[in-house]
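Let us walk through this structure step by step. Keep the sequence and the 3D view side by side.

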Amino acid sequence: MKFSLPLEPVDGDMMMAFDQYEDDSAALFFADHPEETFSGWIVRLRPKDPYYGSKPDWKPVLAETFEQLNVYDEMILYYLLFTINSTLSINTHNTYSDMNDVMKKYSFLQLSHLHDITCLNAAQKHSLRDFFFFIYLYAHPVNDETLYACSFDQQRLIHTKTGIPLKDYFIAHYNHYTTHRDEFAEHIVISAEEIQACKALTLELLQVIEGRSPKLIIPSIKSLEPAIQLINDVDGMLKLYKDDPAAFCQIIRDLLADVMMDVTFDTNADADAHTDTTANTDSLRDVTESASENFRSYRDYCFTVLLQNYASYILFFDFNEIRVLTDAFQDNPKECSFIISKLFTDTIFLQKIIRQQNIDLNEYPEVTPFFNEQAREWFL
């Protein structure tokens, strides 16, 4: 929906379906309750905030199930539940929210890939898993307490302070409101069956984050296949880069050529299907321009993801590899500046890597001359 790509047909009636707001944000709505969303219905069940007012004198909703839980822990676990569920929303209210949405979705995608990657050892995958999960939460965004509230125990996320696995808490949370739905009738519009469907979907999302589900892939488009293949197969990307970095850079160069120029669509086949009238010509032009814009948007997204993969899977472990990329494109300063500046300013991934690893950019004089004005302002 975000890139207006063809949707796969679905058999039978759907309990939930995506729809868009006027600002092109999107959410997963209930078919029988079009005013309610998958991520939004729990907002009215948000726990009282213990940080406001006097010392809290109430117990968590699930205190009987989890005796070690206090009201502060309950608030954090609520934030985590809302953060995970809102993965299936698109938030594009402004430039800031749009960038956060890109980083959160990217991190979610990569968390699904890590378990199957064979080119990285266990320690490297664990480092990246912590890195991506941090960004996933940070980009939501969440507060500091929630940001550092969880840790991985093998392939399970647990609330570190209480030792409660998120899976166990989420199951208990949904089961509680299913069983006691009538007590919360003024807050809960959806049915018990729909609450259980939400539980199943939340657990699917959690399994992706924990690396216990099949890896997610992005849809392929013929003209973008070389880049999309590398995005969907991180092992293949790493092997290609190791064996033939020039071939890897050529894929980036080919995609960059399209990014830096307007794409012209061949509409002859469509044109033959229309009569040569002004109205039909205008209609075809609108459709063509819309299709072209959607393609450009998806192509730019793929270009961004491929560059971020380069930062996350290659520069994360050896920042000196940035010289390989610079060397490959330095013959075309315009292209080189575009790529290097995009890597450093498009998201916070490379910024966090630089801070986390105490990288001194003064040691890379062959790279920094290609910074654009924004990159110079941020890093130099």
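In the hairpin of S5 and S6, four residues lie between the strands, and Gly163 there has a positive phi near 80°. This is a predicted model, in which local features need pLDDT of at least 70, side-chain atom pairs count only at pLDDT 80 or more, and totals for chains, interfaces and linings use all residues. Residues are numbered from 1 along each chain as its sequence is written, and side-chain values use heavy atoms, with hydrogens and water left out.

Stay with the strands. Strands (E, at least two residues) and helices (H or I, at least four) are DSSP runs, numbered from the N terminus. Two strands pair if DSSP finds at least two bridges between them. S5 pairs with S6 (residues 164-165) in the antiparallel sense, over two bridges. His159 faces Ile164 in S6.

Now look at S4 (residues 150-153). Four bridges join S4 to S5 (residues 156-159), and the two run antiparallel. Ser151 stands opposite Ile158 in S5. S4 and S5 also form a hairpin, with two residues between them. Gln154 sits in that turn, with a positive phi of about 60°.

Turn to the helices. Thr202 belongs to H6 (residues 192-210). Is Thr202 buried or exposed? Its relative accessibility is 0%, so Thr202 counts as buried. Buried means under 20% relative accessible area, exposed over 50%, and partly exposed in between (1.4 Å probe, protein chains only). Leaving aside neighbours within four places in sequence, Thr202 is in contact (heavy atoms within 4.5 Å) with Phe38, Leu81, Ile84, Asn85, Phe170 and Tyr174.

Finish at H9 (residues 245-259). Its buried residues include Phe248, Ile252 and Leu256.
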